[in-house]
Amino acid sequence: MGKLVGFITGYVQTIFIDKAVGQIPTLGWWCIHRSLRGLGLGKLLLGAIEAQAHQVGCKQWMTFNQQKPTERLILNGNQFNTHLMMSIFLNSKKLAKWGLPGKIEIFKPEGEEYLQTLKKKHYKSAISVLIKYLSKYAIKPTWNEDEFLLRFAPRKGVIYSYVMEDLNGEVTEFISFTLRHVRNVSKDNERDARDNILNVAQLDYYVNNRMSLTELVSQGIAKLKGVDQVIIPQIMDYSNINIKMSVSSIKSIWCYNGKIKSTDTHEMSLVSLF
């Protein structure tokens with residue numbers, strides 16, 4: 001008794017879809033113990049988190065998933081965006097031990113270093129420039145100050161956010177990464193346990209006003225310590241990042257009980273936390 005057999009996670013975002021705005025919950029990690037799958041526990045978890053969302057007035061769901069979602073989501077929703085996740089390899093030695101094929105080019109940052117870690121004094125200015133930058137997209141999130149802190153305030157091993165200031169102390173450039181730790185179960189019995197964990201940073205949101213996007217992303221990556229791989233979603237202004245990248249995976253975004261039918265990748269500025 002008392003053993004964990006499954007879990008489900010989600011978070012609520014305030015999102016603009018064209019000119020309409022709403023509170024939209026997004027499903028995150030979702031898992032049932034492999035010995036108990038097929039017994040309907042997944043439906044119970046989905047029902048519980050759905051009911052909780054409805055209590056606070058959320059009725060439209062978006063789920064970010066790299067694979068086929070559950071049958072309930074397929075029947076009640078639609079896939080409205082699919083995009084590639086691109087990779088920049090930083091630790092070729094470790095990645096080779098994971099069986100990554102082919103030659104890996106060494107990443108070299110471009111431009112002079114101007115970025116500094118996001119601090120409390122930057123919050124209001126950073127929110128302002130980020131919301132203004134995202135205004136050009138048809139589908140985009142927005143944040144108040146508390147939500148911004150939860151999403152972007154630096155936390156070691158979890159979130160890394162950087163800014164550049166002008167002479168008046170106002171933020172002109174912004175970039176943020178989230179870090180996840182991927183475990184290679186097949187290598188659990190090998191001697192060096194450090195090689196079993198891959199530290200993967202995902203590029204989240206960014207604003208470039210004075211630097212090129214290549215310089216901004218390049219300098220942001222250069223500040224990440226102990227990261228083996230950086231993943232960049234093929235959305236927003238991705239095509240302006242002139243750094244050697246390889247296809248990592250495909251991410252599909254499903255809308256459950258919602259009105260979003262489809263969108264072009266370049267019209268969307270939604271980055272999943274998971």
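The structure holds 8 aromatic pairs; rings of Phe, Tyr and Trp (its six-membered ring) pair if their centres lie within 6.5 Å, with planes under 30 degrees apart counted as stacked, over 60 as edge-to-face and the rest as tilted. One of these pairs is formed by Tyr133 and Tyr206, which are edge-to-face at 6.2 Å centre to centre and 65° between the planes. The pair links distant parts of the chain, with Tyr133 in helix α4 and Tyr206 in strand β9 (residues 197-207), 73 residues apart. Helices (H or I, at least four residues) and strands (E, at least two) are DSSP runs, numbered from the N terminus. Both Tyr133 and Tyr206 are buried, a term that stands for under 20% relative accessible area, with exposed over 50% and partly exposed in between (1.4 Å probe, protein chains only).

This is a predicted model, in which local features need pLDDT of at least 70 and side-chain atom pairs count only at pLDDT 80 or more, while totals for chains, interfaces and linings use all residues. Residues are numbered from 1 along each chain as its sequence is written, and side-chain values use heavy atoms, with hydrogens and water left out.

A further ring pair also involves strand β9. The ring centres of Trp143 and Tyr205 are 5.3 Å apart and their planes stand at 75°, so this pair is edge-to-face. Distant parts of the chain are again linked by the pair: Trp143 lies in the loop between β6 (139-142) and α5 (145-152), Tyr205 lies in strand β9, and the two are 62 residues apart. Trp143 is buried, with a relative accessible area of 10%, and Tyr205 is buried with a value of 0%. Ring pairs join Tyr123, Trp143, Phe148, Phe152, Phe174 and Tyr205 into a cluster. At Tyr133, the charged end of Lys136 sits over the ring, 4.5 Å from its centre; the criterion is that NZ of Lys or CZ of Arg is within 6 Å of the ring centre and within 35 degrees of the ring normal.

Of the 57 residues in the largest nonpolar core, Phe148, Phe174 and Tyr205 touch the most other members. Helix α4 (residues 123-134) gives the most to this core, with 7 residues. Apart from this core lies another, of 9 residues, among them Ile8, Leu27, Ile49 and Ala53. A nonpolar core is a set of buried Ala, Val, Leu, Ile, Met, Phe, Trp, Tyr and Cys residues joined through side-chain atoms within 4.5 Å. Not counting residues up to four places away in sequence, Phe148 touches Leu118, Tyr123, Ala126, Ile127, Leu130, Trp143, Ala153 and Phe174, where contact means heavy atoms within 4.5 Å.

Asp204 is buried, with a relative accessible area of 1%. The side chains of Asp204 and Arg151 are joined by a polar contact of 3.3 Å; such a contact is a pair of N or O atoms within 3.5 Å, where within protein one must be able to donate a hydrogen and the other to accept it, and residues adjacent in sequence count only if both atoms are side-chain atoms. Beyond four places in sequence, Asp204 touches Arg151, Ser176, Phe177, Thr178, Val271 and Ser272.

Met236 is placed in the loop between β10 and β11 (246-256). Its phi is near 55°, a positive value in a residue other than glycine, and at 2% relative accessibility Met236 counts as buried.

For the chain as a whole, there are 6 helices and 11 strands, and 47% of the 274 residues count as buried. Residues 24 or more positions apart account for 73% of the contacts with a separation of 6 or more.
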